[in-house]
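Subject: Structure handover

Hello,

Here is the structure I promised to pass on. Please have it open while you read; my notes follow below.

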Amino acid sequence: MSAPPPDRRRQLALLSALGRRFGAFVLTLLGAALLAQVLLWSAPGDAADLLAGDPELRAALVVEMGLDRPPHVAWWAFVTHALGGDLGRSLTYRPGMAVLELVQPAALRSLVLVVGALVVSLLVGTALAYVTAGRRSLGRRLLQAVSIAPVFLMAWVLVVGLNEWAFELMLQDRIVRPSWFALPDQESLLKWALAIGVLAVGSSAVTEVHSACEDELKAIRRSGYVDAARARGARLWPHVLWNLVPPLTTIASSRAAFFVGGLVVVEKVLHLNGVGAMLWQACRLRDVPLALGITFVAAAVVCGARLLADVLRVTVDPRLRTQT
Amino acid sequence: MRSPRSSAARTDALRTGGAALWLLLGVGCAGCNDGAAPDPGPDAAVLDASWAGLLARTPTHFTDLVDTNRIGWSALHANRLPAARLAGGVPGARAAGELAELYGDLARVDSLAWQAMVETWESRSGLPEGSAVTWFVGLAAMESGQSDLAQAWFARAKDATDPRVAQAAQVLAGRDTLDEPLADTLGNPLLERFDAHFEARRSVQLMGLLEEGVRPIFEETSATGLQRSFFDPQLNWTAEAVLRSEAAQRSAEGLDALIFSGCLTAEDLTQETARIAAGGRHGTLCALAPSWAQLGVEPNLGETDDAEQARLIVRALDAAVDPWRKALGDSLTDDGAELLDGLNLPGVLRSRYLLALARHALAADHPRQALAIVQVAMDLEKPRQIGPLNPPGFYAVTAEAQLLTGHTREALDALQVLADAYPELAGVDEVVGDLAILQGLDRHGDSKEN
Amino acid sequence: MSTHAGPRLLILALAVSFALPATGGSLRYAEDQAPGIVNPVFTTTMSEARVNELIFDGLYTDNQELASEPALVSSTTVDDDRSGMTLNLRSDVYWHDGTPFTADDVVFTVDAMKNEESLSTEAGRVSWIDAAEALDSATVRLTFVQPELRPEDKLYFKILPKHKFEGTALKRSDPFRSRPLGTGPYKLDRYNDDNSITFTAYEDFRSSTGISELVMREVSDKNYQAKLLLYESLEALVRVLPRDLAVLQNNRKVELYPYQTNSWWYVGFNQVRAPFDDPAVRQAISSLVDIDALLAPIGTGEVLSGPFVKSSPYYNHKVEPWTYDDMQASSLLETAGWVREADTWTKDGEVLTLVLTAHQSVESSQEVVINLQSQLEAGGVKVDVEFLDEAAWKARIWRERNFDVILSQWSFDRNEDVYEQLHSNGSRNFGSYANESVDELLDRARTTTDPYEKKAALRKVHELAHDDAPMVFLWTLDSYAALSTKVSNVVIHPFYFFTYVREWRMK
């Protein structure tokens, strides 16, 4: 018997690579849930403490809420249910409500933020790279300096600065109250725009995209097919863009984790009520099922993004199919 | 290859950024108006003619007046009434008058509290057998003019365990007036005290009664060994009567009478004094002054005890005075400005007027309105202190109004401020405290963190 | 790549945001934390208590004079021997879904609260009732465990609808918790996306309600709450931080309403842990604290010398607070066997050190803790600091009593009952203070009806508590609520805030 044909071999290799990725995905989910469970278990105080001062009542509540189980047992129970779609019920945040039901609207809001930040960072980073490619520009240095600042500081400065400035003007009777005033108050485009902007810049996504694109653009511009295209008088940008897709997807998938992490801060400062803010509340209130549920979903999203990026890259770049 | 395209791109970027910036600024300044000088309003003339406006524009009048009795006038301004009274002269007389109002307010509070306290006690668990409390509540009733009630209590006091109480009750039973001296005090300390009060009112001299007021005047020990101490229920009434006569002995005129009062002009003051003399309630001087009405500050409290109505009056006052003060401040000399701001003349005017208005509301049987007025009038930067903007009358009115609306515990907060400054008010504080204790019994005792 | 896309997009964005309508016509108030569960049987936080006030009724309520007034009853008769009472219920009361309110609901509520399986935190409110029975649809008979003098003062608990539950063993997970049904002036209309809750006035309520809509917003940042009020994005603040008082007072669009609070801050010692079991050490530390300096940065208030506020009838004015006295502290420690070495105190090889534990969530705590730390260290006591969040506090302090020294506050209702804090059997006596005389005095104070006796007993407790120094009593802070002047006719209940909300009006 001879070895399987080369195509078949390549397909198998591809499948096994994707299989490994999927395995890593599941392991990451389980690991994230275990980490969250252990952290919450080791934190002083639990949900029963918050609800009851009387020792007898507390003991009864502990049993009812299943807080007397060791962390690995609780974790295993959670995971087996979660993989079946049941994320449990909230203990103290909205007692009794199904976690899935609670998390859905918040997750959608956060998704808007994350996707928005992703799109913005890609567009802005690419555009900036295109404009400033190669040269040591002031704009680029400024951008890098700003990116170093912590996310919460940026968000806070923006919100406070805007509001204080507008409030001063209002007090002096110089302006009438603008409708975007009091950012936590109203759902305005400006609030979302700020959130997306802060998330994009604060998690260094813009600078990363910018430098990656710069490198790529330099390489691309020097490449032969670009000269050839120019010589023919054809449009350049389809070539350039198509070649940017692989590095951009890599960055996008690696930044996804930072976006999700930065959500907590941005949502708290700008009062946006997404999963980040909810997770913070859940931890504060020792609502283990809710915190686990959110961690699980967040890990799934991040890993899912990486998986998707890998698939996309393989699809777009035929060279990768052979490399595996 | 790069330069022309990228430099074009750069200028475009700058243009975009610049346009955005200008747009933001323009939008932000939409509706800008230039900082015009504040309009003083049509009532400026009336306020300019008031004592505050007059003194601010001609500070020499102030120094001339005040130099005659610097200590007295500065104490009167700061509402340190006992100190002002001691300094004598015109400010001394005015301080005596204000103290009379204060003790008058508290005398009513005291008697009210005595009645309520004893009645509540009786309805809860019954009064202890033979306690001297019946004597004291009877005395309090007598002072506040409820002679039938007083007689009923004295009748019960005749059965008191302590023979001195029984004897005193025997003497006062059947007597419905305080205007005659006792034939013989029989060596009875209670009767001796009663006589001392009579003497004080007759001779218009306090004779150390205030100093004695810091301590209880009688103690009884129950069968279980519990000691009960009682304070003097007649103290505030005597103080009011004596100090009122003292104030009347030296009448002030012109600016002397007007400065640091709630009246705007001398005509106001004359009119209001006449109103009070004709039977108006003491302490409401300047509440119905016509000049205020000219400014749109109408003291019409309405038929019902509507607190919002009262707040509207205060807001009208602020709406008239605030712009005037701003405009005036710009036109003064340095001395005048220092006087206006340093002594806060408009603030003093406001607080005295509002005190009179609050007493007017109490007189009209509208305690909630009185409370609302004082709450808005109080200077919250020094919430529990007596000062130029917080006359002691505020706290007295608060105590009375809270008591009348059943908020005994809140009344104690106000009384605490007064008791700190006037130790002889310990008696009022104690009896209102007893009432609060009785009203708080049987409630579910709860506490929480934060 | 158009070069004018930038400004165009910006203009578009701004135009859209300007086009958004401004809100108005409803009263918005802020809470630090949204209510987790809307069911009076499971209430744990003040924000839940305030929401309950809007949605539910009790048999009795407070009138504006803070006396008991019938709410759901029309008349009552108490037995001559005071061992029971008969309640006649109002006939014009309906649940928010239109079902009539009957005696069965009252009986159900009492049974549910008493049922141990409900695991209710409010079971104590009905422990004095032996049994409840519905004689007919509008009459309820209650029998008491012991004769009661004023049972109407204890009938404030909220009534639940029987037809919304399956039995008297209530569960926190019942769907009722987010779709509550009450008989009160407001019904819970909807939960909004931004964690706010809208309440609308119930049309068939038995009397008129002034404001047609209320919105509760969750704003966890207390600093921002005051800003929102100034920005006119809120109409009411339940409690104002001391540092915001000056700004709010000067604003003519906001009105401040004082709260009567019987509440005081304290620094508590764990008296079963060395060296704090030695009164000399406690007294010495008390003498190292400059209370005025601690208070000044956080607000205005009054310094106290005992477990009552200064205006309380139980306050013993003859007792002076501990004052800063370095010499006295030193002499106390030396007499107790401590030796000063450089900048520490040592005894038997142990350095005098403590861990100061405080609430993370109480704003002003942090400033006080830092200043207190420097004061004590100047006196030679080594201080480490830790901040605990709510759950950790409940576990470490309430349950385990595992601490050296804590900084916290207590708020009391009108009863000012400090039994739980100072009695050796007290459930809130975290420091395990035990003094037999104090125990006896507290027992006496709880049972007597003679105001002079109660006064004397508690004033003595004040004196003893001061001398033993189980805690350093600090101060009481001035407290205010703030409302926009658009809201008129405001009367605020000192504890529940919304009891008289029907009278409020909005312009």
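Two strands pair if DSSP finds at least two bridges between them. Helices (H or I, at least four residues) and strands (E, at least two) are DSSP runs, numbered from the N terminus.

Some ground rules. This is a predicted model: local features need pLDDT of at least 70, side-chain atom pairs count only at pLDDT 80 or more, and totals for chains, interfaces and linings use all residues. Residues are numbered from 1 along each chain as its sequence is written, while chains are lettered from A and ligands numbered from 1 in the order in which they are written.

**The sheet in chain C**

Start with strand 4 of chain C. Five bridges join it to strand 5 (residues 84-89) of chain C, and the two run antiparallel. Within that pair, C:S75 has C:N88 as its bridge partner.

**Domains of chain C**

Chain C has a domain 1 (1-54 + 184-253 + 485-507) and a domain 2 (263-478). These bounds come from an automatic or database domain assignment. Taken over C-alpha atoms, the centres of the two domains are 37 Å apart. How many residues are in contact between them? Five residues of domain 1 of chain C meet seven of domain 2 of chain C. Contact here means that C-beta atoms, placed from the backbone, lie within 7 Å. The domain 1 side has three nonpolar, no polar and two charged residues. Ala, Val, Leu, Ile, Met, Phe, Trp, Tyr, Cys and Pro count as nonpolar, Asp, Glu, Lys and Arg as charged, and the others, Gly among them, as polar.

**Chain B against chain C**

Here 45 residues of chain B contact 51 residues of chain C. Helix 1 of chain B gives the largest share of the chain B side, seven residues. By class, that side has 15 nonpolar, 13 polar and 17 charged residues. Two bridges join strand 3 of chain B to strand 20 (residues 405-412) of chain C, running antiparallel. There, B:S447 stands opposite C:F412.

**Chain A**

Chain A has 14 helices and zero strands. Its C-alpha trace spans about 85 × 85 × 25 Å along its principal axes. Of its 324 residues, 40% are buried (20 or more other C-beta atoms within 10 Å of a residue's own, with C-beta atoms placed from the backbone). Take the contacts in chain A between residues at least 6 apart in sequence: 74% join residues at least 24 apart.

Against chain C, 37 residues of chain A are in contact with 33 residues of chain C. Helix 2 (47-51), helix 3 (55-65) and helix 8 (189-202) of chain A each give two or more residues to the chain A side. Helix 3 of chain A gives the most, with four. That side divides into 21 nonpolar, eight polar and eight charged residues.

Over to you.

Best wishes

How values were computed
Contact = placed C-beta atoms within 7 Å. Buried ≥ 20, exposed ≤ 12 C-beta atoms within 10 Å, placed from the backbone.
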